Structures are given as structure tokens and as C-alpha cells.
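Me: Hi! Could you walk me through a few local features of this structure?
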Amino acid sequence: MKTAQRLIASLLLLAAPPLQADEQCGLECLLCPGLADPAHYAEGIMKAMKHIAPGEGTWLFRSEVDLSNQFGIPAEMQPQFKRLIDAFAAKQVQVVIAVQPTRGMMHRDKVRADSAYGFDYALARRNLETFLGQLRAGGALVPDILPLVDKPPQPDYFFRRDHHWTPTGAQATARIVADTVLQQPFYAGLSKKTYRTEPSVMVPKDGTMSRGLKRICGNNYGFQYVRGFQTVPAGDDMSALFEETSTPEVILVGTSNSANRDDETKNYNFDGYLKEYLSVDILNLALPGAGQEGALLNYLQSADYSPDAPPKMIIWELPASFRLEDPLMYRQLLPAIQGGCAKAQVLASEQRELPPLQVDQRLEILSNSGAQRQNFADLPGFLDIKLSDKNLKDFYIITYYDNGQRDKVWYRREAIVEGGQFYLELSKAKEFRGANLLSVFFEPTEALTEPGSVEVKLCR
């Protein structure tokens with residue numbers, strides 16, 4: 001039935017009048033019934049586009065992200081978020097979370113009633129306010145973006161057919177973040193530099209949703225052009241461009257909205273505006289395509305981070321659609337903040353060859369049995385896992401306990417995030433209470449054709 005429906009939609013497109021007949025149907029000529037067909041969003045990049053919703057004029061939205069009303073950390077994960085912020089605070093690191101509102105909220109006047117997919121601005125705003133409160137309750141410094149939501153800036157905060165913010169959106173958000181940080185006592189302790197922002201290249205944006213429209217309907221709305229900007233050290237001393245400090249005081253992590261890429265047309269200058277408004281240098285480690293915590297994890301596992309000399313402030317750019325709901329996120333980040341087993345007591349360790357393995361085959365990589373068996377019941381510990389193959393980022397780690405229970409965790413690290421190093425806090429779930437850890441197994445999700453090695457340590 002779905003195949004027949006897609007065939008009919010394709011025939012309707014072929015039978016449609018030429019685009020020069022737009023005076024009869026306007027921009028509607030560029031749309032097709034296939035936009036509402038879930039089958040078009042089943043694979044690849046299109047999964048993130050579900051469903052492309054036409055807006056006013058040439059605006060396009062994603063029903064499940066841009067037009068969502070639901071935000072916030074699930075109740076069971078709120079204590080874990082607090083543990084995360086507390087771990088940073090214990091090292092005198094101030095975490096500032098810059099929440100990015102959704103496209104639907106910032107451009108609600110462009111949402112069409114016949115393609116709103118249940119979007120309710122009043123409900124979305126209330127839930128966003130709750131989300132900000134949850135982050136603050138966890139101990140993070142969270143600038144108030146609600147006045148920005150209530151009165152969006154001009155020109156566009158977001159691109160009309162793309163999920164990224166424009167330089168205008170980046171600037172408006174940076175201003176709010178900076179105004180909040182400037183009021184904090186810790187700001188006086190940051191080293192100061194002066195910066196200025198100047199016009200840069202024009203930014204042409206076709207847009208992810210426009211490309212989705214072309215894929216489904218064979219049409220698109222063309223490019224949107226906005227002026228780009230760059231921020232440079234103020235004054236005549238350009239040597240600051242090449243300065244490197246052994247211990248960066250301010251780190252920026254986040255998504256492609258914040259990432260500093262080689263292609264100037266993909267930079268929106270969020271870090272630059274922050275530098276100018278705060279008068280501080282910022283090491284930008286945001287990553288495109290790394291998810292909600294990928295850039296933060298990548299930083300904590302890199303040579304840029306030292307648990308003995310941490311930064312004074314981490315600015316975390318976070319789209320409101322991210323809910324910080326994944327338990328594995330916390331089970332990796334918390335050991336990483338402490339520096340892994342290099343800064344902990346090693347209780348057990350093993351190094352094994354990792355032979356070629358098929359899917360569903362498992363290899364024991366740590367054993368706690370026999371005469372050397374130790375009591376690890378209710379251990380507040382973690383596993384420190386090092387793989388020789390840094391491209392191996394999709395696999396299972398399974399821990400078995402003497403009460404018959406097992407904890408199977410699926411690692412699916414984004415390609416842009418470094419591999420090789422993985423952490424796993426031992427589960428504190430009730431089914432493992434009082435049970436002793438017996439063994440740890442590795443299981444691939446795809447066949448391993450080349451041999452390698454794995455080193456595992458259990459630490460506390």
C-alpha cells in the first residue's frame with residue numbers, strides 16, 4: 001500500500017504544471033503529498049528530518065524537533081545530571097549551559113496551522129522554562145533565554161530551511177550568555193583580552209530541510225544568503241591569533257552551531273561573539289554531528305583536559321531538543337572528569353588480544369573468579385577500557401554478576417568523536433545491589449575482521 005501511495009505521489013509530481021505556472025498555486029507547486037509519508041524518513045539523514053512541515057513563505061520545519069512541545073530531563077536522570085555538575089564543581093569548574101530554543105518557538109509566526117503537527121507555543125514555552133529550572137537545580141549556570149524567545153531578534157534567528165542558527169541567532173544568544181557570566185564573581189578571575197568583530201564572507205545556505213524537500217518532491221526553494229562575521233584580537237597585536245596557553249581557562253563545547261570549521265560559510269561566530277562580549281580567550285572544541293555530549297566527552301578524554309589543571313569555565317551550547325536522558329552519558333562523563341584510572345585506585349586489570357569476531361560472539365576481557373576472586377559487591381567503581389582500534393566505536397560491554405544478573409551496555413559513538421578510550425561506571429541499579437562482579441565481556445555489533453587488543457582496568 002505504501003509503495004502504491006509513493007507511486008501515486010510521484011505520478012502527481014510528473015503531472016504537475018510547469019513551475020512557471022506558479023501564479024495558479026504559488027509556492028504550493030513546490031510541495032508534494034510525500035512530505036507526510038513516514039516511509040521517506042526511514043533511513044539515513046532523513047531520519048532526522050521527520051516530518052518536513054511547510055511553513056509560511058519559504059519556511060520549512062521538522063515536526064519531531066522544531067515543532068516539539070516537550071523538553072526537560074526525565075525525573076530519573078535529574079540526580080545524575082546533578083552528580084555531573086557537582087563533579088565539575090569539585091574541581092572548581094563553572095559549567096554554563098547555553099540552551100538554544102527550537103525553530104518553532106523562535107519563528108512561531110511562520111508555523112502553518114495546517115502543518116503544525118500539534119505544536120503549541122504556550123505549552124512549549126512552559127516546558128522550556130521547566131527545563132531551564134532543572135538545569136539550574138542541578139547546579140549549572142543557565143542564562144535566561146526566555147526574553148529572547150518572547151521577542152525574537154531581527155533578522156532571522158534560524159535559517160529558514162536549515163536547522164542551524166544564523167549569525168544573528170548566535171550573536172543574540174552570546175549576548176545573553178555573556179551578560180549572565182559578567183555578573184558572576186568568578187568572572188573577575190579570568191584572564192582578559194580584547195576582541196572585535198568584523199564582517200566576513202557571505203553565507204549561502206541551501207539547508208538540510210530544503211535538500212529533504214528536493215529528495216522527496218524533486219523541488220527546493222533555493223539558497224538563503226546572510227552576512228557572516230569573524231572575531232579577531234583588537235588593536236595592532238595580531239600575535240594573539242597564534243598564542244597557545246598550556247591550560248585554557250574557558251572551553252566551549254556543543255554542536256555544529258558552535259563548531260569552528262575550515263569552511264567559513266559553515267561558521268556562525270558564536271565563539272567569536274562570546275570572546276568579544278566577555279573579553280576572554282576561548283578554546284572552541286564544539287563538534288558537528290557529535291550529539292548532545294559528544295564534544296564534552298571528546299574534550300575530557302583529550303590532551304586538552306587535565307584533571308589536575310581543569311578550566312575555570314565550560315560553556316556548553318545545548319539545543320533544547322536534547323534531554324540529557326541517556327544513562328550511559330553520565331556513566332562515561334563522570335569517570336572522565338576524574339581522569340580515569342590514571343587518577344584512581346586500580347583494583348583489577350587485564351590485557352587481551354582481540355581476535356576477529358562475528359556478530360553475537362563474545363570475548364571475556366576481565367575475570368573475577370577462582371582463587372583470586374575479590375569482593376566487588378556495591379563497588380563505587382568504573383571500568384577503564386582501551387581499544388587498539390580507534391575506529392571501533394560500536395559494540396557492547398556486558399558485565400555479569402554472581403546473582404545471575406547482567407548489565408549490557410551498547411556503545412554507539414559518533415564518527416567524529418575519538419575512539420580508543422571508553423569508560424563505564426558500574427551500575428547502581430537495584431538488581432545489582434549486593435551482587436559481586438564476576439566478569440566483563442566484549443561483543444561486536446559488526447563482524448571484526450582484523451585482530452587487535454583491549455586493555456581493561458577496574459578502578460575506584
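Me: At what angle do α7 and α9 pack?
Reply: Helix α7 (residues 167-182) and helix α9 (residues 270-278) pack at an angle of about 35 degrees, with their axes 8 Å apart. Axes are lines fitted to C-alpha atoms, for helices over the stretch in contact, and angles run from 0 to 180 degrees between N-to-C directions. Helices (H or I, at least four residues) and strands (E, at least two) are DSSP runs, numbered from the N terminus. This is a predicted model, where local features need pLDDT of at least 70, side-chain atom pairs count only at pLDDT 80 or more, and totals for chains, interfaces and linings use all residues. Residues are numbered from 1 along each chain as its sequence is written, and side-chain values use heavy atoms, with hydrogens and water left out.
Me: Which residues of α9 meet α7?
Reply: Phe270, Tyr273, Leu274, Tyr277 and Leu278 do, and their partners in α7 include Ala170, Ala174 and Val181 (contact means heavy atoms within 4.5 Å).
Me: New topic: which peptide bond is cis?
Reply: The one from Gln154 to Pro155, with omega near 0 degrees. Pro155 sits in the loop between α6 (146-150) and α7.
Me: And what is phi of Gln92?
Reply: Near 65 degrees, a positive value in a residue other than glycine. Gln92 is in the loop between α3 (78-90) and β3 (94-100).
Me: Is Gln92 buried or exposed?
Reply: Exposed, at a relative accessible area of 64%. Buried means under 20%, exposed over 50%, and partly exposed in between, using a 1.4 Å probe and protein chains only.
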